Structures are given as C-alpha cells and as structure tokens.
Amino acid sequence: TKGTNMGELETMEGASCAAAKAAALRVLRVPELAGKVFLEGGLVPWVLGGRESGRLHGDIDFSVRLEDMSVVRAWLAREGRYDRDLDSRRMPCNADGEEYGAHARINGVLASFCPFFLRDGALVQRNAEQTAFAGYDALLEAVIPGLAEADFVEMRELPDGGRAGFATLEVCRAAKAASDRPKDLADIAELDRLGCDEERMGRVARAFAATEVVCTAHGE
C-alpha cells in the first residue's frame, strides 16, 4: 500500500473512496481549471452526494475541452505533477503527436485528463491507455452521435456550497449501464438517488446506444 493515513490509502487495486474524492476535489477546486475540467465516472455521485462508495476506485477521470488541455498541462507543470511519460502526445504509437490527453498522479491517485470536442454533429472523446498503468499502449476515440455538450458536462453545486464541473448524471448513468459490471451497481443506485432528468436521460441513452469506440493507434 501507499499513503499516510489508514482509510485514505491507495493500494495496487485502487484508492479508497475518501482518497479518490480528496484527489478529485484537489483538481476541481483549482480556480484556473473551473469550468474547464469536469469529473466523470464512478466518483461523480459520491462527490456530489457527499457519501462513501465503500469500494476502491482505480483512477479518476476528467473530461476537458480539447482547447483547454494546454491549461491543464500548465497547471500540472506548475504543481510539479506533469509527467512526460504519461503524456499521450509523446507516446511511441502517436506518430503525429495528436492530442489524446494526459495522465498524472494527484495525491498519489492516477488521474486521466481526456479531451473532447464536437465533430460532424457528434461529440468525440479521446483517451490513451499506456503500458505504465494498463499494460499496453493504445489511442482510443469514442464518437457519440447527436450528443450536445450541454448534455455531456455541466457545473454543479458541491456539498460545501462551492461549484465545480461534472459530467452530467445522465451521462454517468448511461456509461455505467453500458459497462455492465457488478461493481458499478452501487454507483448506479447512488446516481438514481440523486435523481436523473428523464428527458435528458432519453437523449443521452439514444446517443450512447449509437456510440462507436475506435482504437486509432496501438503499440507493437
């Protein structure tokens, strides 16, 4: 294990919910990143609801508009958290140096900063898997047709009264339902407790049903 406090330890399987939430909030509360970085994935309902998931979280996922990735990298560099080896633009399989995001350790927890943008009526999100944490190198692109940015990310109020960027509850639920993993059931139940908008959920579900994920490049 790694860490300093029992209950906020990171293990090889992931970080405690408390540790992962603290790391996520460390990023979400940076003034210069406000409205540019959006928490997504299984941590969303637990950060918003202020409760504990009771399980380990393997990493923290953030969505970032493509044009804001430079702001994220500048912040990581100033904080001494930028790692060239975890920058997608420098991966051996990324011959053109295209933007597929960056990874960093935040309070010892792996965080992924994934760029998104609109293209031909679809919302496109990119991500990179790397040997250092996934065991292989790959550049991935998810194309979600008909998904508007307003249905993808938004600003929400935190339990302490502050505001921060999040993937919408509807996007989180659609992604969790699609993954169909037993460990996601508690996350889905917490999302339902917080309450999803039925109309938006319908739009998001239709978009996710037509989603295509492509591996655009991979390591040898």
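Is Lys176 buried or exposed? Lys176 is buried, because its relative accessible area is 9%. Buried means under 20% relative accessible area, exposed over 50%, and partly exposed in between (1.4 Å probe, protein chains only).

This is a predicted model, where local features need pLDDT of at least 70, side-chain atom pairs count only at pLDDT 80 or more, and totals for chains, interfaces and linings use all residues. Residues are numbered from 1 along each chain as its sequence is written, and side-chain values use heavy atoms, with hydrogens and water left out.

Lys176 has a partner. It forms a salt bridge with Asp184, with the closest N and O atoms 2.9 Å apart. A salt bridge is a side-chain nitrogen of Lys or Arg within 4 Å of a carboxyl oxygen of Asp or Glu. Side chains of opposite charge can pair when their charged atoms come close. Asp184 counts as buried, because its relative accessibility is 0%.

The structure holds 26 salt bridges. One of them joins Glu190 to Arg51, with 2.8 Å between the closest N and O atoms. Glu190 lies in helix H7 (residues 185-194) and Arg51 in the loop between helix H2 (44-49) and strand E4 (60-65), so the pair ties together parts 139 residues apart in sequence. Helices (H or I, at least four residues) and strands (E, at least two) are DSSP runs, numbered from the N terminus. Glu190 is buried at 3% relative accessibility. Arg51 is partly exposed at 41%.

Now turn to Arg73 and Glu99. Their side chains meet in a salt bridge of 2.7 Å, N to O. Arg73 sits in helix H3 (residues 69-78), and Glu99 in the loop between H3 and strand E5 (102-106), 26 residues apart. Both residues are buried.
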